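These are my notebook entries on one protein model, written as I looked things up. I begin with the whole chain and then turn to single residues.

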Amino acid sequence: MEADPVQARGAALDRPVIQAGVALAGDGEEIARARRIAAAFLARVQGEHGIPVSQRALDLTQLVVSELVTNACKYAPGPVLLDLRVTGGVVEVMVWDSDPVLPVARAADAGRVGQHGLEIVMAVSQGFEAQREPVGKRITARLALADDPGGALSGRQPL
């Protein structure tokens, strides 16, 4: 069951945190559903809270959700948890799965077919983190909601 976005107070008292979460069955059919959930969440962020969300941010968020949920469904048995949170001009995409093995980006190889998802996520995200949980792991990617007025693409920085 999808959780409605809730508004909570973050570390900065004047900056609300808007979030939503959903449990996914962990099969391949859930990937498209996860993308739709992310798009609907960002539409609510913009429509209900008046926070601008660029088309690029929407597209990249759906891409990151797709890649992270795909990896979780492919490599971890059981359910997958998708959490989305907007705070301070960024959207955080968090995916939990039951496999405790942390992902490792492979070396660039133009001849390799497939297995570029983590590289893509890291390239388009402002921040990326993989951490073990008491059960499984949680992957977090952060993306800017607004485009850089100068047109520069944001690179990966530690969270």
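**Entry 1: covering a helix**

I began with helix H3, and I noted that among the elements covering its buried residues are helix H2 (55-75), strand S5 (127-132) and strand S6 (137-144). Helix H3 itself spans residues 117-124, and its buried residues are Gly117, Leu118, Val121, Met122 and Val124. I kept in mind from the start that this is a predicted model.

**Entry 2: the whole chain and its confidence**

I then stepped back to the whole protein, which has 3 helices and 6 strands, and I read their order along the sequence as β-β-α-α-β-β-α-β-β. The protein has 159 residues, of which 38% count as buried. When I looked up the contacts with a separation of 6 or more, I found that 61% of them join residues 24 or more positions apart.

Where should I be careful with the model? The mean pLDDT of the protein is 84, and 82% of its residues reach 70 or more. Over residues 1-13, however, the pLDDT stays under 50, and the model has 27 contacts beyond four places in sequence for this stretch. Residues 150-159 also have a pLDDT below 50, with 19 contacts in the model beyond near neighbours in sequence. I marked both stretches in my notes and went on to other parts of the chain.

Where is Ser125 placed? I found Ser125 in the loop between H3 and S5. Is Ser125 buried or exposed? Ser125 has a relative accessible area of 0%, so I wrote it down as buried, the cut-off being under 20%. I also followed the side chain of Ser125, which reaches the backbone oxygen of Val121 at 2.6 Å; Val121 is one of the buried residues of H3 that I listed in the first entry.

**Entry 3: Val95 and the residues around it**

Next I looked up Val95, which lies in strand S4 (residues 90-97). Val95 is buried, because its relative accessible area is 2%. Leaving out residues up to four places away in sequence, I found that Val95 touches Leu68, Val69, Ala72, Val80, Leu81, Leu82, Lys137, Arg138 and Ile139. For Val95 and Ile139 I noted both separations: they are 44 residues apart in sequence, and their C-alpha atoms are 5.3 Å apart in space.

**Entry 4: Lys137, a charged residue that is buried**

Lys137, one of the residues that Val95 touches, lies in strand S6. Lys137 counts as buried, because its relative accessibility is 6%. What does the side chain of Lys137 make a polar contact with? I found the side chain of Asp97 there, at 2.8 Å, and I also noted that a polar atom of the Lys137 side chain lies 3.2 Å from the backbone oxygen of Val101. Beyond four places in sequence, the residues in contact with Lys137 include Trp96, Asp99, Leu102, Pro103, Gln131 and Arg132.

I moved to Asp83, which lies in strand S3 (residues 80-87). Asp83 counts as partly exposed, because its relative accessibility is 24%. Asp83 and Val95 are 12 residues apart along the chain, and I noted 6.4 Å between their C-alpha atoms.

Arg35 is found in helix H1 (residues 30-49), and I recorded it as partly exposed because its relative accessible area is 30%. Not counting residues up to four places away in sequence, Arg35 touches Gln62, Val65 and Ser66.

**Entry 5: the largest pocket**

Last, I looked up the largest pocket, which has a volume of about 470 Å³. It is lined by 24 residues, and the closest to its centre are Asn71, Tyr75, Pro103, Val104 and Leu118. Which element supplies the largest share of the lining? I found that H2 does, with 7 residues, while H2, S4, H3 and S6 each supply at least two. Sorted by class, the lining has 12 nonpolar, 5 polar and 7 charged residues.

Conventions
Residues are numbered from 1 along each chain as its sequence is written. This is a predicted model: local features need pLDDT of at least 70, side-chain atom pairs count only at pLDDT 80 or more; totals for chains, interfaces and linings use all residues. Side-chain values use heavy atoms; hydrogens and water are left out. Buried means under 20% relative accessible area, exposed over 50%, partly exposed in between (1.4 Å probe, protein chains only). Helices (H or I, at least four residues) and strands (E, at least two) are DSSP runs, numbered from the N terminus. Contact means heavy atoms within 4.5 Å. A polar contact is a pair of N or O atoms within 3.5 Å; within protein, one must be able to donate a hydrogen and the other to accept it, and residues adjacent in sequence count only if both atoms are side-chain atoms. pLDDT is the predictor's confidence in each residue, from 0 to 100. On a 1 Å grid over the protein atoms alone, a cavity is a set of points where a 1.4 Å probe fits but cannot get out, and a pocket is an open set with protein on both sides within 12 Å along at least five of seven lines; lining residues have an atom within 4 Å of a point. Grid points are joined across faces, edges and corners, and a volume is the space filled by probe spheres set on the points. Ala, Val, Leu, Ile, Met, Phe, Trp, Tyr, Cys and Pro count as nonpolar, Asp, Glu, Lys and Arg as charged, and the others, Gly among them, as polar.
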